Every structure is written in structure tokens, then in C-alpha cells.
Amino acid sequence: MKIPYLEIFIEQAPTAIAMFDKNMCYIAASNCWIKDYKLQGIEIVGQCHYDLFPEINQDSKDLHQQCLERAIDVYDEAPFKREDGTVQWLYWDISPWYISKGKVGGLFIHTIDVTHHKESELKKARTEDIFTQTKEVAKMGTWEINLATKKVYWSKITREIHEVPEGYKPNLDKAIDFFEEKTSRPKLRSCVEDTIEKGIPFDFDFELITAKNNIRWVRVIGKIEIIDGKYSNVIGLVQDISDVTFYKTQLSKAHAQLKAIYNSESISIFSTDSTGYINHFNKGAEKLLGYSAEEMEGKKGPTCFLFPDQVSKFREELAIQHGKNPDNFSHYEDLPVENVNDTREWTYIRKDGSTVPVQCTVSSVKDDLGKNIGFIVVSTDISELKKYQNELIAKNELLNFAEQITLMGHWRRNFITGQGYWSKSLHEIFESQGDGSDFSQDKFEALVHPDDKQMILDHMRETIQSKTFRSFTHKIVTPSGRVKTIHVMGKVVTNEKGEITEIIGTTQDITELKMAEKKLKGLLESAPDAIIIINEEGTIQIINKQTETLFQCSPDELLKEYIEDFIPNILPFIKASKFSNSNNTRQVGVVEELVGLRKNGEEVPISINMGPVEWEGELFTSLAIRNITKQKAAEYKILKAKENLEVLAHKLTEQNRQLADFTHITSHNLRSPVSNLNSLLDIYKTTDDEVLKESLFDKFETVINHLTLTLNTLIEALKTKGPHSDEDVEEIEFEDVLNTTKDLLAGEILKSGASITSDFSKCSKIKYHKIYLESIFLNLISNSMKYRSKIRKPEIEIESTNLNGNIMLEFRDNGLGIDLIQHGHKLFGLNKVFHRHPDAKGVGLFLTKSQIESMGGTINASSKVDVGTTFTINFN
């Protein structure tokens, strides 16, 4: 259906308009429509609009159908995506046209291209969104003061900076009160008043205290807003610049520190340019080398104070490191971009011709493009360090010598790295190759005697499970085929989670000691009588062949069995003897009127000679048993033989006691200096204070020298039961002995923070055995620190008195204390301990008491648990 005049009108319309029938086929379209929708050269009349634009979606088609069916007009704007991917924003309206009243003939669609306008709107929205995001990222908020109402407005970000709730509305005074009171608050108040009264803008940084009491640095900008020639508002910005201020402060501090380091006189720093000439030479370099900066900068290179052979070695190793040919190599020319960072020892030649060893780090200096433009060299004088290293080597050799004398070495096993360490002395004990290097567990197990391999595995399993190292003895087979017996002691080290990190310990070659045991066994076997040795509970520990013959039992039927099963009523006689490990040990003579019970129940009349045997800190009873059935007639001979046997048993007992004493005293008196050495080494490794490190080396020497004296002390300790000559006694100052003790325990004193005070004003000196007095001070003071309280620092007080020529010393501490009601009777006993301290061995007090009593004095103690202990020594 054509309407000619209407078609002409539509074609000439100045806007895009098209007329469609009910099937959405074109009836007419304006030239503007043809142009906007790029339909030039296409006969569109009669064609379906949907065929020409297949990209039209179903929603648009449904909308067209609604307009046709309901005769409604619709208006909107929407993006129109063309086939080529471009987007066109259109304003459109759709209206039905009528054939007759109430009868729709089709649709008019009128569109206006609003793409440019829409893009401007979107750009403005994006700009506002970007501005909002920028303010949030920059932590920048706005604020405003209405001068008419005095009300203050804060934006969302401003409230966030002040850490106030969403609906918080401050007044001017409250807003200013958020700022630091002494400087920022009065300055800001003055700025705001000048802006309100004089229109003066401001832009300053202030310190702000938020509502949550957090400190922030903010930049506040304020200016006046003038409306109709009048001041109406003060508007401004507030920006959180805490991070910037912090980084500025850190950068300034780092710059100051770097400047201080460069200007330091204790560190030599110089740099060279790309040609090898020195261009910077700090005060430390001037002091170290004796040259002035003026003499060096721009005039000389480092080779003027270096040995040629060291320079050649440096260049050769640097060339190899970077894959260059060492021949005619130059690190200035042949390493244009490589990173150089080389640390080694050099020897500098000073201006006066003397030499100085240095620890030197050479690093490349790069420009912005990463190209090497020279080198910077940082050097430290290590003259003293080299001196101390040499001294330490000598002292370590002395320590190794001490270990060799005592046939002892130390070891450790790291459970994190799996590595093991053996001292040189321990390598010598095992006859293995090494001088203190790593030693694996596999290599150790290969040296264990086949009979003891399972025992070692069981012991290690027990140690890991219980986290406690139980000392034990086992055999090894050295590479030369020699079988040795060693005694191992150790300590488990755990972390805060209770996991084992390391096990450390000592190993002592006790082959000779075990040989002494075998000799004892040989003596027992050579004895004419049956010999039984029992412990305090009456259990049989050792027998000889004569015992098997006497009781007609095998060793398995006798060992570990109860003595009264074979000799009824023997224990009352043993208890009546009151054996002890003090000086009052004694033997009981022949006990007759007893019978021995054989395996078959036969009774045998016997006589028994009893005596105490002290071995490895325990007291045993030796029973020499003789069958007297056929010897009644030879009583005199038997008695004589018994007396000879008593002498022999006493001699063996005394020898065994001295051997046991020597073992325990050696372990105890070497432990304090070695422990102190370890403490000093721990402090040396963890401190960066060079002055403290220097003082520690003096203490190393003092402690190591004392080890030599300790060995002499051990020899003297074996003589504490005997008389002393006048040559052993000399006049000694108490203060001198205390100072020596402090030096020996310096490491423990530093670690524990112990306070040691003394008052020798009433009696400053004494005539005494010097070695004994030093040992007394060492044992009592080290005990006070060893058994210190965990909740307070140890305080040790020492005071001397002289009452009518009676010289006394008191040692008081505030440590754990001792329950004397429970432990007082064995306080000074050998191997008696009263606390679960890993280093408690029960030797120190026993040795101290022995030394004091050997000089005719006495020692006693008073103590309260968790209050402290006082030891009183009466030298007369």
C-alpha cells in the first residue's frame, strides 16, 4: 500500500524516520534514515527490516509487536551494535499509524543519533568515577566549613582518615581537637582563623590522632570560597600521608646511616672509576693506609698499596669465576656488566712501608643502564683478629692436649642437618682420620664392636623416645684392630616445641679402667677363698670360681640372686658393720657360726671376712668365704691367711676408691672450665660488640690456663686424705681467689646475670693450701649459679670473719635451696644430687668437704627451699 504524498514527506524529512507495514516491511524511509543506517544503493521498499538488520534481537522484535497489537507509543535510548562491531547510541520513538479509525496499518520509527552526546555523558561519569577512585587510592578526602551556620562537612574518606563512624558530624573545635596538642593543633587553628578572617589559603602537614588513638600524618589544604563578593565557605582537602612521611623518615635515616658509615674512621672505604683511578677515599682509608684523600683521588690506583702477587691471584680467580680468559684479564675492561662481589683477605702496604691484614669486599658500581662504571672497596683491619685467631688456635691445641691427657673427646650430632662433629681427641681415640671435621653416624656405627651394635641401636631409640641421654659403656674396634672400651655421656637439646635438635656429649677411653677391673677379677680368681661382692640390697654382683665350687652352683644360679638364699642370717652382720663411703669405712673380722647352703641343700660351715668396696660411686660389700669343715685344726694358719687377705682387700678397696674418685673428680673439675668456655663461645658468636669480643679472648686464655692447673688439682685431690707439707701452705688474699674464680666463670656469670658481692674487711687473707682454696671458691660459686632460681637473678654474697683467730667464710645465695630434712644426711656424699639439673653429678660438695677436712676444718650448711642456701666454712 503506497501513500505518495506521505512517502515524499518522509523521504524529505530532516531526521531519520521510516514507515513500516504490519510485517515490518519498509513502505518509505527518509534520506537521513538511509544515510544513518548505511543503506545507500539498496532498494529497501518492500524488504523486511529484520532481513536488512539480522542483528536486531528478540526483545526489540517483541517491542515492535506490542506497538502493533496495542497501538501504543514507546520512547527510549539504547546502544545499537552494528555488524562491524561499532556501537551507536540512538534515541528512538515508535508510534503506530492507522488505516482507519482504530485499525493499525503499521509503525513509524523515528531515531536520533545521540552517540556523541552519550559518549560525553559516559566520559564524564568515568572521569567522576576515576576521580572518586583516585581520592580513595590517594587517601584524600574533602571538608567544608559553612561560615554562616558554622557547620562542618566531612566526606566519606575524611571520616575514614579520622576513624569515626559513618554518621559522625563534627563542629570546628572538635575537628581541630583531633590534631596533636602541642604543635599541630595550634598551628592548624591559626591557619583556619587566617583563612576565615583574611582569606589566606594554607597547605601544611600535621600530626593527627584518630578516634581510635592511632597516629597519622596528614596534609591539610584549605582556601576561602567567595560568593557574591562575600566569604561564604572554607573548603579544602585532607590527605593521609603517613606512609610517605614514614618512608621519607626511613630514607633520611638510611641516608644518614650510610653517610655515617662512609665517614667512619673505623672502616676503610674507597672507590675507583672505570679507568682504575681512585675517585673517593674516606677518612677510614686515610687512617688505615696513611695516605690523604688529596694524595689519592684522581691520582693513583689501589695497586700502589697492594702486593702484585695478590692482585694477580685476584684477577685470575675473578676471570675463572666469570668464564673469562685469565691471560691479560682486566676486571675494568672485561667485565662491562657482570656483578662483582668478592670478599677475601688482603695485605695492604701503608705509606710508611708497614703492612696490615684486612678483610676486603670488592663490589661493582653500576650506572642507570646497568653498566659497570667502577668498583667500591670496603676494608676492615683484622690485625687484632688475626692475633686472636692465632691465640685461639694455640688455646684449642691446649684444650686438645687436656683431652688427650684425660683420654677424653667431645662430639655432637645435629638432628636437623644430619651432620656429626668429633673433636680431634675423639678421632685419636677411635684411630679415625680427622681433626675435628664432620663425622657421620654410619662411620661411627662401623667402628662399634659387633657384640654391642644392637645395644647402640636400642640406646638411640630409647634416647629419641625419652629425650634423655643415659650414659653407657660399650666396645669399639679401631681400624688397627684394637678393641677399646669407651664410656659415653651426653645431653639432649630440644627446641621450644620439644623436638630434638641436637645431642652433645663426651666420650672417654676407659680401656685401662676396664683392664683394672679385669685385674681385680683376676685377683679374685687367684684368691684361695670364695669371693662374693654384693650391693646394698644384698644382691650378688660378682663371684669367683671358688664360689661356684663352694656352693656347687653355676654363675647363672648365683649372680643377681639374694645372698641370704645361700648364706642365711648374713645381712644382720653386714648391717651391723655400718659401712659408709666416708673416712670411717671399716672391715669386720671373721664371722663364724654361719653356714652356707649348697644347691642340693647341704649345709657347709663357713667363716666370712667382710669389707666395703667402693666402685664407680657405689658402695658394695665384699665377702671372702671359706669352707672351714676341714680346717678347724689349722685355725692359726687360717687366721693368718685371713689377715693377709684383709690387707690385700683393703689395698684393692683403696685403689678402687682412688680410681673412682679420680674419674668423678676429673669429670667435675674439668666440667666448669669447659662449660665456661662454651658459654664464652656462645656470647662471642651472638654479639656484634667488638669491644666485648676483644675482652672475651682474655677470658678464653684465663679459662684454658686454668685447665692446666685443674689437672694438677686432680692429682692433689687424690691426696686429700693424707697429710700436707708446709710447702703446700701459703698466705692467700681472699679477694685474689675470688677474682680468679670470676674470670673462670665469666661466661656463666654473663649468661645468668649473677651478682657476686664480697666483704673481706674483717679478714682479708689466710694461710692455706692455694689449690684447695681456689677449688672451694669455684665449687661453691658455680653451684650457686647452677642451682639458681628460674624466677630471679642469682645473688651470691661472700663474707669472712675472724673471731679470736678462728677464720670463717660464709657463702650465701638466693637459689633453689635444699630440703635438709630429707637430704641433710647425704649433703656432702659422693654422687649425691638433690635437684634434677642436667649437670648435677654430686662431686663438688664431696670434693669441697674432703679438701676442707684434710686441712683440719669443717663445713656445714643451712638452707630453705626456694629461698637460698648458706655454706659456713670454719678453717680452724
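A nonpolar core is a set of buried Ala, Val, Leu, Ile, Met, Phe, Trp, Tyr and Cys residues joined through side-chain atoms within 4.5 Å; buried means under 20% relative accessible area, with a 1.4 Å probe and protein chains only. The model is predicted, so to speak of local features requires pLDDT of at least 70 and side-chain atom pairs count only at pLDDT 80 or more, while totals for chains, interfaces and linings use all residues. Residues are numbered from 1 along each chain as its sequence is written, and side-chain values use heavy atoms, without hydrogens and water.

Select F734, F777, I781 and I798: these have the most contacts inside the largest nonpolar core, which has 34 residues. Helix α25 supplies the largest share of this core, 8 residues.

Next, select α25, residues 770–786. Of its 17 residues, 15 are buried. Helices (H or I, at least four residues) and strands (E, at least two) are DSSP runs, numbered from the N terminus.

Now turn to the open sheet, where 5 strands follow the order β27-β29-β30-β32-β31 with mixed pairing; two strands pair if DSSP finds at least two bridges between them. β27 (755–759) and β31 (858–864) stand at the edges with a single partner strand each, so one side of each has no neighbour in the sheet.

Finally, select β31 with β32 (residues 868–874): the two run antiparallel, joined by 7 bridges. T858 has N874 in β32 as its bridge partner.

Terms used:
The expected span of a helix is 1.5 Å times one less than its number of residues. Buried means under 20% relative accessible area, exposed over 50%, partly exposed in between (1.4 Å probe, protein chains only).
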